[in-house]
2 protein chains.
Amino acid sequence: MTNTMPAEQSRYDQKLVHILKTSAAIFAEKGYHSTSIRDIARDAKMSLAGLYYYFDSKEELLYLIQDYCFGTIIEECRKLLEGIDDPAVQLKLLIENHLNFFVNNMNEMKVLSHEANSISGDLFKKVNARKRQYVDLAMSLIAEIGRRRRVEGVDVRVATFSLFGMMNWIYNWYNPRKDLDVAALSQNMTRLFLSGFLGDGAKHEHSLETGREGHLDRTVSVWQQ
Amino acid sequence: MTNTMPAEQSRYDQKLVHILKTSAAIFAEKGYHSTSIRDIARDAKMSLAGLYYYFDSKEELLYLIQDYCFGTIIEECRKLLEGIDDPAVQLKLLIENHLNFFVNNMNEMKVLSHEANSISGDLFKKVNARKRQYVDLAMSLIAEIGRRRRVEGVDVRVATFSLFGMMNWIYNWYNPRKDLDVAALSQNMTRLFLSGFLGDGAKHEHSLETGREGHLDRTVSVWQQ
DNA sequence: CTTACCATCGAACGCTTGTTCGAACCCCAT
DNA sequence: ATGGGGTTCGAACAAGCGTTCGATGGTAAG
């Protein structure tokens, strides 16, 4: 399986794409494990057995969706960042690209975010290699911004995953017909994150003293036993 | 089913708690739909049929975990916020409570976050009512902070769900043996969010001009067809 | 010791699942 | 028209699923 789809698509490629899109829509709606191949066959208007001409197993189907999704996002991102020096600008572009892609491919991205552990073995490793690559890119940008602007008081790892948390959580709430459009969403999140990361922490923190620090129970377990 | 467990637990209650904790651990590890009642029976050291003395269906089992989790988190939060005037301080406490509870009950919270749509019908409605209650609380705090500090340029809904995204994403990466402890994690995220929300957006944004705004393709679909 | 109730279990039911197989179909080059 | 390879399909399989039922064990009160 190659990273990129041929521009000129054969009948076979077109049908595979149709299957992947249909599957992603159902996976997004009811979850990978609750979706049966029969569900996919119905929506794709094919027979059960006919589908297996295009993939070897349900798990490989999930892999094809995830891998191609990651491939595209990373490729687009690399193109976008090329030749830009300021890591803050690069990060801004990464966020824009991520959210733009997410919103315009909500089904596939929900499957990528939510079904990350529904895949196992070698296929899991392959997807994870791409993920690590992408996360490392973002983390190195954030680290570099921190270095140049002498950011203190925020852990780079925490910052990176907080950013991905913000961005990847949108499948839980974002409604394109009701919420801001992608451009405004990107701007909001870039501002939230960059201002938060760079922002003068000390400026606000002194006013947050509660006079009862360390008041939290260490709730070791939900149900004490 | 009541919201709170009796302080004095009968033999029955203790065993129910044991089942809930065991189930949550397996659900967290392999997902709700990939977990069979037989898996739970094995780990809980009970027979398959014996489990059904404690719940009526697999779905109700999930509900019990989620409902009790939400119940505890909201109750703790209310107690903590009581009598405090500054919404920024209240939000800080909400974040601390949320993360403290999350880290100390990672299994249950992962099930709460990740299996939100694995439940349906009336049980889903019940859990969702609690969720809305909790989200509304956070959103109203954020809105009030925005009003008092005259925050501009960030949508309150986007800010709220970005915060929950940051916080709830941690089950995907947080490793208590390798990462910061809960106190430091809370401090980091509070700083990231509050500085981000309050922070002078204009201060940094002018330096982020790329000279090619609107350059992003509207990637309508992953696989063009 | 007997009664009654709470708790537990082995075994089975009906159903859905992912996957396979061999036969049939379609369509284009000869 | 005919051959053949690329597609499609109906039917079946074994395995696993959630759930039920009737019977059994344990235990505390009468």
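Helices, meaning H or I runs of at least four residues, and strands, meaning E runs of at least two, are taken from DSSP and numbered from the N terminus. The model I am presenting is predicted: local features need pLDDT of at least 70, side-chain atom pairs count only at pLDDT 80 or more, and totals for chains, interfaces and linings use all residues. Residues are numbered from 1 along each chain as its sequence is written, while chains are lettered from A and ligands numbered from 1 in the order in which they are written.

I begin with two loop residues. B:Lys45 sits in the loop between α2 and α3 of chain B, and its phi is near 55°, a positive value in a residue other than glycine. Most residues other than glycine have a negative phi. B:Lys45 counts as exposed because 9 other C-beta atoms lie within 10 Å; the cut-off for exposed is 12 or fewer such atoms, placed from the backbone, with 20 or more for buried and partly exposed in between.

In chain A, A:Arg150 lies in the loop between α7 (121-148) and α8 (156-168). Its phi, near 50°, is also positive, and A:Arg150 is exposed, with 7 C-beta neighbours inside 10 Å.

I turn now to the two chains together. In chain A, 65 residues are in contact with 65 residues of chain B, contact being C-beta atoms, placed from the backbone, within 7 Å. On the chain A side, α9(A) gives the largest share, 11 residues.

Finally, the DNA. Of the 17 residues around DNA strand D, those that come nearest include A:Ser47 and B:Ser57; a residue qualifies if its C-beta atom, placed from the backbone, lies within 6 Å of the strand.

Notes
Two residues are in contact if their C-beta atoms, placed from the backbone, lie within 7 Å.
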